[in-house]
Amino acid sequence: MSSSGEEMPNKDEPNTIDLMNSINLMEFSDEILLHILSYIPSTDLILNVRRTCRKLATLCLDKSLTHTVLLHRDYQASEDKVKQLVREIGKEIHQLNMAGCYWLSGTTIEHVTRCRNLVKVNLSGCHLTSIRLSKMLSALQHLRSLAIDVNPGFDASQLSSECKATLSRVLELKQTLYTPSYGVVPCCTSLEKLLLYFEILDRTREGAILSGQLMVGQSNVPHYQNLRVFYARLAPGYINQEVVRLYLAVLSDRTPENLHAFLISVPGSFAESGATKNLLDSMARNVSLDALQLPKSWLNGSSLLQNMKFNNPFYFSFSRCTLSGGHLIQRVINGGKDLKSLASLNLSGCIHCLSPDSLFRKAEDDIDSSILETLVMSCCNLKHLNLSAAHHHSSEDLGKHLCQLLAQLQHLRSLSLPVCSIADSSPKADKAPTQMVTNAVPRGFGKKVRIGVQTYPRTVSSESVTQKSSSVFWTLLENVPFLETLELIGSNFSSAMPRNEPAIRNSLPPCSRAQSVGDAEVAAIGQLAFLRNLTLAQLPSILTGSGLISIGLQCQQLQTLSLANLGMMGKVVYMSALSDMLKHCKQLKDLRLEQPYFSANAQFFQALSHCSSLQRLCIISRSGTLQADAVMSFMGSCLGLVMCHMFTGESLTACKNLQQSIVRSFQAERPALNVVIFPLLHEGLTDVIRDVPMMHLDEITLFKSRVAEEPPNLWW
């Protein structure tokens with residue numbers, strides 16, 4: 001022992017620093033090094049890492065690293081870097097994903113022509129004219145898979161014969177339509193997979209009303225005789241429905257015999273027509289499906305499901321249908337039929353799907369646990385399940401709790417539930433103080449009630465851990481330890497962020513059952529060590545947000561966090577806990593906050609600066625405020641941030657000044673920088689929204705449930 005009482009280190013044992021200094025990365029096997037290198041962005045790998053030594057120079061050109069190049073979300077991929085990358089390894093690239101590279105100019109995108117051996121390319125979100133697309137595709141004779149946008153001004157007559165020859169060999173096409181058009185579909189005579197995303201606005205910027213009849217005269221669409229997958233996703237708006245009918249009319253003439261996936265995602269109602277009825281009748285007679293999604297109006301009260309034939313299905317979506325549990329069991333599961341092949345099931349908004357009959361049931365009535373039990377037993381290998389946007393209340397007396405039944409689905413990787421569904425069936429006498437006081441706190445924008453938040457712990461005590469571990473929600477999470485995505489969304493939640501309408505919507509009050517879900521349940525989420533994506537929306541009984549700290553400490557792989565309307569609506573009660581949480585979120589890339597009266601001040605941005613991996617930030621706050629100098633300081637310290645969207649209660653002048661300052665200061669060094677700062681309730685918001693790059697708008701700015709939204713591995 002030394003004189004100070006400290007034990008002297010043993011000189012015979014190497015300390016940690018010596019061990020680290022003795023490790024040489026280059027001594028690892030090539031297989032291990034290649035695996036490590038696969039995590040490095042292609043631009044960095046080829047333009048920087050390859051220059052470091054001879055061994056890495058060789059490994060970085062290995063086929064496993066150059067065969068597929070991903071520029072999607074590589075926000076540091078500048079014009080010069082992309083051009084140089086293509087010059088150096090263009091001939092080696094067989095698959096290229098440039099989806100969402102909105103910051104690259106058309107001339108840079110044109111360099112793809114150097115990649116002569118391309119088999120698959122994704123150019124969604126890239127700037128392409130008809131002439132430029134024609135030139136590119138003319139050079140890519142091996143292309144079999146293509147994703148593009150069709151923007152206003154697209155003219156199929158400008159496509160060369162060489163381009164059309166390439167398109168005739170394409171087997172997979174993903175097409176996002178921003179204007180009424182068939183795009184390149186008429187040229188793709190060998191299609192096996194067709195994905196259509198309809199993003200057409202009903203009016204032009206000048207206010208002129210668009211019409212799908214602009215497509216008349218272009219109807220030489222092939223009859224899809226080789227088609228295996230048909231998928232159409234529509235944004236809100238009548239014109240999108242009008243245009244998709246023209247695509248479906250061709251399918252109704254002759255249904256492809258090899259069709260095995262037929263999916264149409266439509267918000268709101270979409271009336272059947274004579275052509276669609278013929279198509280569905282033909283499908284029921286001639287095809288056997290393994291993936292199905294139809295508009296709710298096509299299924300409601302229909303015997304269609306009873307006549308459909310399924311062959312080892314892997315994806316079902318009955319989102320927003322009035323399908324009762326009795327029909328679900330009889331027509332889909334066929335009375336308990338083996339559906340072990342089903343990997344993904346979307347029952348979002350199906351308010352009657354866990355009840356035997358929908359005729360006399362109220363939406364808030366208790367579920368029939370035997371229906372869910374049959375579903376769980378039949379679909380025992382489910383990986384993705386969405387039960388959001390409904391009231392699924394477990395009975396206090398009859399059957400097992402919903403959480404207990406879902407705990408049997410141990411293969412789950414993503415799960416979306418309404419908040420009221422995780423509440424214990426009956427209130428416990430030994431509830432934590434935070435939960436007992438909750439019921440007395442009024443919700444909404446009424447008079448603020450002062451509550452003694454100082455009496456509630458900032459961290460979870462051993463007593464509350466015991467209470468959590470005895471809850472049904474704790475049991476559920478304990479049995480699905482590999483869950484990567486979790487959504488808890490209030491059954492009555494409605495986002496204030498609009499799509500194509502003004503932001504003046506009043507959301508319904510939260511479900512009364514949700515009043516017993518609070519900080520302890522949120523803290524239970526901390527046991528999910530592999531959690532990557534978390535959404536919490538409309539949890540009225542959050543009092544301090546202490547559960548968020550547990551998540552920050554324990555969910556070290558968290559990459560996407562979306563919080564909306566937590567606690568009392570008139571006050572942000574969880575600000576201090578959120579600040580503590582963010583200090584531990586080193587892997588967080590996307591943060592979305594939607595909360596009235598939220599103050600984006602220096603304290604918040606100082607905590608957020610600990611999120612060193614942050615790339616996208618979105619704040620939506622009715623009557624919220626911004627501290628401009630704090631925003632600027634944060635932008636300067638968070639070097640990876642490329643998307644900053646803030647819709648608050650600040651004035652138009654203040655918003656414009658801050659937006660211009662950010663762009664002026666940081667655009668040059670951040671090629672992908674996208675900044676939108678605008679008053680939430682301003683009449684010009686709709687025009688601002690239409691200029692947001694689709695990847696940001698769809699992935700973070702607009703709120704929606706994303707679990708089982710599409711079939712697994714639908715495209716890339």
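This report walks through a predicted model of a protein chain, going from the overall picture to a few individual parts.

## The chain as a whole

The protein chain has 716 residues, and 53% of them count as buried. Its secondary structure comes to 27 helices and 22 strands.

Contacts also tell us how the chain folds back on itself. Taking contacts between residues at least 6 apart in sequence, 77% join residues at least 24 apart.

## A buried strand and its partner

Strand S22 covers residues 674–679. Is this strand enclosed or open to the outside? S22 is largely enclosed by the rest of the structure, because 6 of its 6 residues are buried. Both of its faces are covered. Asn 674, Val 676 and Phe 678 are buried on one side, while Val 675, Ile 677 and Pro 679 are buried on the other.

The partner to look at here is strand S21, residues 643–648, which runs parallel to S22 and is joined to it by 6 bridges. To find one of these pairings in the model, look for His 645, whose bridge partner in S22 is Val 676. Helix H25, residues 652–666, belongs to this picture too: S21, H25 and S22 together make a right-handed β-α-β unit.

## Two helices side by side

Next, turn to helix H21 (residues 546–554) and helix H22 (residues 575–582). Their axes are 8 Å apart, and the two helices pack at an angle of about 5°. Angles under 35 degrees count as roughly parallel, so H21 is roughly parallel to H22.

Which residues make the contact? From H21 come Ser 546, Leu 548, Ile 549, Ile 551 and Gly 552, and from H22 come Ala 577, Leu 578, Asp 580 and Met 581. Sorted by class, the contact has 6 nonpolar, 2 polar and 1 charged residues.

Thr 66 has its place in helix H5, residues 63–66. With a relative accessible area of 1%, Thr 66 is buried, because buried means under 20%. Setting aside residues up to four places away in sequence, Thr 66 touches Cys 60, Leu 61, Ile 89, Glu 92, Ile 93 and His 94.

Gln 84 is found in helix H6, residues 79–89. Is Gln 84 buried or partly exposed? Its relative accessibility is 29%, so Gln 84 counts as partly exposed. Leaving out neighbours within four places in sequence, Gln 84 is in contact with Leu 47 and Arg 51.

## Two loop residues with positive phi

Finally, here are two residues to look up in the loops. Arg 320 sits in the loop between strand S10 (309–317) and helix H14 (325–332). What is the phi of Arg 320? The value is near 65°, which is positive in a residue other than glycine. Arg 320 is partly exposed, with a relative accessible area of 36%.

Tyr 597 lies in the loop between strand S17 (590–594) and strand S18 (599–600). Phi of Tyr 597 is near 65°, again a positive value in a residue other than glycine. At 38% relative accessibility, Tyr 597 counts as partly exposed.

Terms used. Residues are numbered from 1 along each chain as its sequence is written. This is a predicted model: local features need pLDDT of at least 70, side-chain atom pairs count only at pLDDT 80 or more; totals for chains, interfaces and linings use all residues. Side-chain values use heavy atoms; hydrogens and water are left out. Axes are lines fitted to C-alpha atoms, for helices over the stretch in contact, and angles run from 0 to 180 degrees between N-to-C directions. Helices (H or I, at least four residues) and strands (E, at least two) are DSSP runs, numbered from the N terminus. Angles under 35 degrees count as roughly parallel, over 145 as roughly antiparallel, 65 to 115 as roughly perpendicular and the rest as oblique. Contact means heavy atoms within 4.5 Å. Ala, Val, Leu, Ile, Met, Phe, Trp, Tyr, Cys and Pro count as nonpolar, Asp, Glu, Lys and Arg as charged, and the others, Gly among them, as polar. Buried means under 20% relative accessible area, exposed over 50%, partly exposed in between (1.4 Å probe, protein chains only). Two strands pair if DSSP finds at least two bridges between them. A crossover is right-handed if, with the strands pointing away from the viewer, the path from the first strand over the helix to the second runs clockwise.
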